[in-house]
Every structure is written in structure tokens, then in C-alpha cells.
Amino acid sequence: MKSSIVFIFLLCSLLPAGQKLLFDHLTIEQGLSQSTIYCILQDNQGFLWFGTQDGLNKFDGYTFTVYNHYSQGKNEIPHNEIRTLLQDRNGCIWIGTWGGGLARFDPATGGITVYNYPKAISHNKVTALYEDDNNQLWIGTSGGGLNSLDTKSGQIRHFFHLPDNTNSLLENHIEAIAADGNGYLWLATHKGIDRFDPRTLSFIHYPVEKKGDPQASVITSLVADCPDTVWFGTNGYGAGYLDIPSGKIEFINTRSMPGRRLSDDQVFAVYRSSDNRLWIGTSNGLNILDTKTGLIEIHTSRGGHMNSLSQNDVRSIFEDNSGLFWIGTDGGGLNIYNPNRPAFSHYRHEDGNPNSLSDNYVWAIYEDNKQYLWLGTDYGLNRLDRNSGKFKVWLHDPSDPNSIGNNEILAIYKEPLIGQSVYWIGTWGAGMDRFDLQANKFTHFRHDPENQNSVCDNYIRLIYEDPQAPGRILWIGTKYGGLDRFDIKTRRFTHYRFDPSDSGSLSDNSILSVLRDFEGNLWIGTWGGGLNRLDESTGTFIKYRHNPNDTTSIRSNVVSCIYEDHSGNLWLGTHGGGLNLFDRESKSFTSWQKSDGLPNNVIYGILEDEYGYLWISTNHGISRFDPQAKGKTAFKNYERRDGLQSNEFNNRAFHACPHGELFFGGINGFNAFFPGLVRENPFKPPVVLTDFKLFNRSVLPDSNSVLQKHISFTDTIQLSHSQNVFSIEFSGLSYSASVKNQYAYKLEGFDQDWIHVPSSQRFASYTNLDPGTYSFKVRASNNDGVWNIEGTRLLIIIQPPFWKTPWFYFIATISIFALVAVVFEWRTRSLKAQQRHLEREVTHRTAELNRQKVELEKALSKVKQLGGLLPICSSCKKIRDDKGYWNQIETYISEHSEADFSHSLCPDCLQQLYPDIYPDNPDSGKKDSLS
């Protein structure tokens, strides 16, 4: 095993394409505000920040948020050209600008404080920043020397070059500041390097001088994280290192030894990676120095190669917390290199490069016993010498009958005879060719309708060597003519064709795949006729076709590939029916499709690796399938973003080498890889909230807002009952193929289950929630399905309307009780008042009645003495001296006396009945008239 691993790495070192770093790119097309990247920072939450010539860019893996001088309100930075960035211990981001001074940006509130010349710092062109353990911010300027700012007290001090003071700064132009482990600061100036002791405020100078080259002393960048060495870059003399104990300086540049020389002498960035390599950005490419061996890898922009460096002028280099490298260029935006990117080497046609494929459509791949790689394309037969990286191409020449019969090559096979180099080539339209490499001669075998011993069709899809007769029998699959058995020695063809009158014939004449299994059965996959098994004793075929009413039948009648694994399982790749497994005993099929985790239901090729995984090429990338696993976790899918030539592959364009390397071809070249080197991303992404929207409008932090801080810094949010339509956006800050990150969220108190969404749906929306307390939780995975289960959470409190609040219920209840009490008291008092009034009325009435009774009794006491006539009005029946008791009196007198009544008219009745009697004085004589 150890020797095979060594062989793999030795072989990989010989692959020119494999040695080139593969970069993904971010430009203004993806939202970057400008294409020149001077500085890169990752904050303590995991966001990335980029300083450009046109503002500050914050990146969450999907979108850019831009802060610039034209921003409204408190987010306005003093200048758009950003040269340096730093985050302090309090989480604030310090922004060094080229002309606007220094700005302190609080990402929680969005507030910006500006420190500029002449009120604060010594110069408005800020080039370098560093914070020490004593809350001192050290500020390098271009022409204003060194500044220190006490971030607690706000006190600022200035350090300048003084010509008469040898203990002053070496030079006032500072390009970089770095710290070592001993508490010293190292300063890159335009005359060399300074070591500054913040404790004693003293300088030690290391002038960098080179006769005849003044640019050697202009130090552009440095790193000081080694005990005795400071690495630096210069403006025109390459890179160098300072040996601190001896003070000796050595250079590495274009004049150095081959293999140890830089691509250019103008160095803009020097960066030490976590694996202790030195990354050097020059004006002509990226250089990676192995400090142990002194060897240098050079990576430059390659025109037409989509994964090469976007631009050669490298200005900034940064390694993030997941191990990705970010390369900022001047004019080419950002380049991202992923060391854990699946190790898919990509070979393709490059315009103007003779050592590349002749065409990007690859239909056939074959490795011979000399480890030459043969490739059939839409434009010629290619042979790759993997030691030299050079291609040789054979093309059809109409004037040369010994040239290859056609430029479209779909099948390649080499005879195994020792000492001979004979290849059989299947063409698309010109039949089959025998190629004698030593003689450089092609012999043609074409279909002749008049010759029964000719190949059955000129459109050759496959050439398959029969393992029962290696080097002697070939099976040839064609597009229109069916299947041929070809005897190499006798040059005789045996034809197997579809005959509609013969039920035992081949099911279809369009052949896609052929395989002889360990039991000796010959299986044939067709385009439209399903799967066939040839009974060679009878020459008849047993057919397996798709039955829509039978779920155990093969899922498609287009069988593109047949593969037998190390356990003897027969796997079938189909067009539209996914992956199928044939059970020889039950004659039934089990299938896996897109709904089961496959990236696509069209399968072109199947290969097995040494670990028992199946590698499957499809119309949407390559899938690694674990036959022992259950569910969707059985599939691990790779796409173009992972380094594949394209998401679309081709039929029959797959091959496995004896040493374990796999090849798959498609529409943009082919990929080569060792499955054991395809590593997964172990990084668990931090999960952050990126936006909060009310009624589809982003909410910014403000004293009058529901957010006092940016949503990523907020734990709890309170909303009114009318603010119950909102959405929350989120991101998992893993930048490796972030489009493949997955998310799950849940609003506890509302959602019953976790809701899983892809990266294109990184938001959750809620409408008309009832008042109450909710907990929003979100999780994220990286591109390889590694989850951050803890995730993040946000407590959401929706306040009820005032008429549904407890205090309102309390006040309402108290008010009701009070009202009842008031009404009760009022009613009680009213009743008592009525009672008292009634009592007074009763008393008064009683007294009146008693008085009347007394008077009546007095009157009645005399009634019995009455006699004669009593004067009674004949009209109103009133006694002339009536006191209001005439009815009672008349009745009583009638019953108790012997008196009679004398009836006449009283004055009132007389006036009413005879108004003309007293017209002038109606009142005169009343008394007389009634007497």
C-alpha cells in the first residue's frame, strides 16, 4: 500500500495540469465594487472584508455589501481607496484609506469615527495597521511616519524620521507593520527595515541597499513570525530575508537559480501560510516558496483557462479560517484557491497551445501498457505522454489513404501482443481502423453492403475485448448495424442484428454497451431495446425491457453502460432511468434515481475504486456511490465548481487504470483523479444572520428602530402586533463552493419541524404571527454536508395590542369592578333617597289624611244632625261649601241622615252653561247666584 501511495504522488508530480492551482474567481460581475484588491480581512464572526479602489466590501459567501464615501448617513467612510484593514479586540474595524485618513467602523451599529490630518494622525495616506496587547493602535503612513493611538484614551503620538537623530524612524514612508514574538514591531520603509521597541520607543535600522538598484531598498511588505528571520518584498529587487542575529540580508529574485527564482522582481505581497510556505505576490504572477527546500512554484494567468489566475498583478494574499486562500489582484478581482478542493485534474483544448487536446469533446479514453493516454475526440485521435505533458494528434488527411479514416473517434483498443503497437480505432462514419503505430499507417475496415464479411456499420460506438479470448475476439457496437463479433486473426465478422420476425434476435440495432460477466454471460445494452443477454450456444438473445406496470423491471430501455463490481454485482447505467442493479436469481432490478440522491437520471459511465465506491458520470456531474449506505447519504456529488470539466459527460468516455486512477470525459475535455485524493471539507461553518426585513424592507440599526444593532449582533428583537410580517436572511460562512451549502431553520412556537432549504433560499418569511415569544433557530452545512448543529438563534417577541395585554386586562377588570361598585353605590343611594322621599311623602300624606280624617270626622259628626235641604250643584254635584269630599259626603249623608239635597248650579257651571248672563262682569254676582 505504501508503495502505491508513493507511486500516486510521483505520478501526480508529473502532471503539468495537476500542478497548476485551480482558482475560482469573484469579480464585479458577482457584486464586487471594484477589481483591485489591496487588503483582505476576516472578522471574528467569519465575514470577509476587502479593501478596493472604490470602497469597502463585506462578503458573506453569496453577496457583497459595499461601504463607500457616497454612503448615506453614518456609514460614509472618508475615502474610497482602502489600503489596509484591521479588527481590534473590541470588534471594531479600522480602515486605512489613501487620502482620507483613518476610520473606525463599528459593524454592530454602522457608526464611523474618522481620524485624519491635521487634527489627529500625521498623514491622510494610511498604509499599515497593527494593534498590540496594550490597546495601542500603530498606524503607518505614506510620508507621515508612524503614529500610535491609544484606543481607550484617544491619545495620539507621532514618530518621524529626524535627520539629526539616529534613534528616530529610518524613513517616513511605511508600507507594512508586523510583530514578532518578542514584542518588537518591524516596519517596512522606503529605505529598508526598522525594528521598533514600543517599550523603550527606540529604533534599530536595517538598511536594504543594493548598488545600482535603488528599488531594492523600497520594502513593500514583510512577515516577522519566525524567531530569527524577517521575510520581505521589494519594489524591484524581488523578495528577501533578514537574518536577525547576523543582520545579513539575502535576496530571491529573477536572477536566482532555476527552480528557485521568482516570476518577477516587483513584489507587492508576502504572506506565510499555515503550512509554513511563503506566498509571494508579484506584478507577474503568484509564487509559492517552500522555505525548507527553497523551491518555488509559479502560477500565472493562462489565457483561455477558466481556473487559472485571473490577473498576474497580485496585490494581497490571505488564508481564511477554513484554509481557503484569497488572492487579490490589480484589475482581476479575487481568486480563491481551495487546498481541499477535490483533486480533479482537468485537461482541455487551449487555443494556441499545441500541448493541449485537439478538441474538447472527448468520446473515448484508453491507457496502454506504456502508460500513454489515448483519447478520441471530435477532432482527431490524441495521445498524451504524461511524463512530458505533450500531446500528439492524428487527423484525417483526404490526400493520404493511410491516414485515419475520420476525425471523430469514439472507440480505442490496443492489441496486447508484446513487441507490437497495434491499435483498433472506432470512427463515427468511417468504420473501424487498424493503426500500426510503428509504421504510422491506418488500415480501414468499412461497411460494404455487398460484402457480408465487412463491419456491419460505419458508425462505431464501442470496441470491447472479449476477456475469454483476449487479443483475439473484439465485440463491436454500432449505431445502426447492430453488434459484430470480430476475429482479429481471421478478420472475420459475425453479425447480430435486430429481426422483427425473429423473437430471439437482438432487441435493437443501436448498441451502447457490452460486457462479459464472471459467469461468462455476454450482456448488451441498446438504445431503445433495453438489456440483452446472448445465449452463444443458440445465438439467441434474452431481453429485459422496461415495464411501466412493474417496479422491479429495468427503469429505462436505453442502457448506456454495464459494469460488474468486485463482488460480481451487475450495475446498469441508463438514460432517464438512473442506476439499476440486476439480481441474477430473481431476474429483477433495483434502481436509484435523482429522488434517491443521484445528481441526474442520465448515466454515462460507472467505475469502481479500491474502496468499493462506484464513481458515476452523469449529465450533472460525477457521483460517488456507496452501495452499503442507505438513503441520500449514499451519494456524494461533484460539479464543475469542484474542478470537473463540465457537468455534462459523454457515453463510453471513462476508463480505470491498474494503479487506481480514474478518467471521465465530457464536452469540455476530461478529468483524471485518484479517488483517495478526493478529500472532503471538514470545516463547520459559523452561522450568522445577515438581514432582517419588515414588510420586505431591510431594517437598519438605529435608536428609533426595532434593531439597535445589526441583526448579526442581535440576540432578541421585540416587535409590535402590527409588525408581524417579517423575514430573516442567514448564511453559513464556509466559502468553499458555498452554493452547495445546505440550511435548516425552525421557528419554535410556530414550526413543527425543521425546514431544509438550499443555499438559493437562505431566508425564512413569516406573516400574521400571533403575539407571543418565538425562538428562531438556523443551522448550516458546508459543501460536503458537514453541519454546524449549534447554529445560531434569535429570540422574537411580538407584543400584543394594548387591549390584549395583561395590564389592560387588569385595568379593565378593576375598572369594571369599580364601575359596578359606583353603580351599586349610586343605586343604593338612589334607592335610599327614594325611600326617604317616599317616607316623607307617606308621612306628609299620612298627616294630611289624618288631618282630613279629623275634619271629615268633625263634619261627619254633624251629618247625623243634618236635615232639610242641602245645596248641591245639579251639574257638577259639588256642595257649595265643597271641601273636596262631595262624593263621600253625598253617599255618606244619604246613608246616615234624613237630609235631602237641593240641586242648583254653582257659579262655575252657571258661567259655562250660560255665558251670556254675566257678559260684562263674569265674576260679579257669583256668590249671590249660588247662594
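Student: Which residues do ring pairs link into a cluster?

Tutor: In this predicted model, a cluster joined by ring pairs takes in Phe344, Trp615, Tyr638, Phe649, Phe664 and Phe673.

Student: How many aromatic pairs does the count come to, and how should I read one of them?

Tutor: The count comes to 63 aromatic pairs. Among them, tryptophan 49 and phenylalanine 105 are edge-to-face, with 5.9 Å from centre to centre and 70° between the planes. Tryptophan 49 belongs to strand S3 (residues 48-52) and phenylalanine 105 to strand S8 (residues 102-105), so that this pair links distant parts of the chain, 56 residues apart. Both tryptophan 49 and phenylalanine 105 are buried.

Student: Why is the pair of tyrosine 271 and phenylalanine 318 tilted?

Tutor: Planes over 60 degrees apart would count as edge-to-face and planes under 30 degrees apart as stacked; here the planes stand at 55°, with the ring centres 6.4 Å apart, and therefore the pair is tilted. Because tyrosine 271 lies in strand S22 (residues 267-272) and phenylalanine 318 in strand S26 (residues 314-319), the pair ties together parts that are 47 residues apart in sequence.

Student: Is phenylalanine 318 buried or exposed?

Tutor: Buried means under 20% relative accessible area, and phenylalanine 318, at 16% relative accessibility, therefore counts as buried.

Student: Which residues lie over the face of a tyrosine ring?

Tutor: Lysine 414 lies over the face of tyrosine 423, at 5.8 Å from the ring centre, while arginine 624 lies over the face of tyrosine 613, at 4.4 Å from the ring centre.

How values were computed:
Residues are numbered from 1 along each chain as its sequence is written. This is a predicted model: local features need pLDDT of at least 70, side-chain atom pairs count only at pLDDT 80 or more; totals for chains, interfaces and linings use all residues. Side-chain values use heavy atoms; hydrogens and water are left out. Rings of Phe, Tyr and Trp (its six-membered ring) pair if their centres lie within 6.5 Å; planes under 30 degrees apart count as stacked, over 60 as edge-to-face and the rest as tilted. Helices (H or I, at least four residues) and strands (E, at least two) are DSSP runs, numbered from the N terminus. Buried means under 20% relative accessible area, exposed over 50%, partly exposed in between (1.4 Å probe, protein chains only). A charge sits over a ring if NZ of Lys or CZ of Arg is within 6 Å of the ring centre and within 35 degrees of the ring normal.
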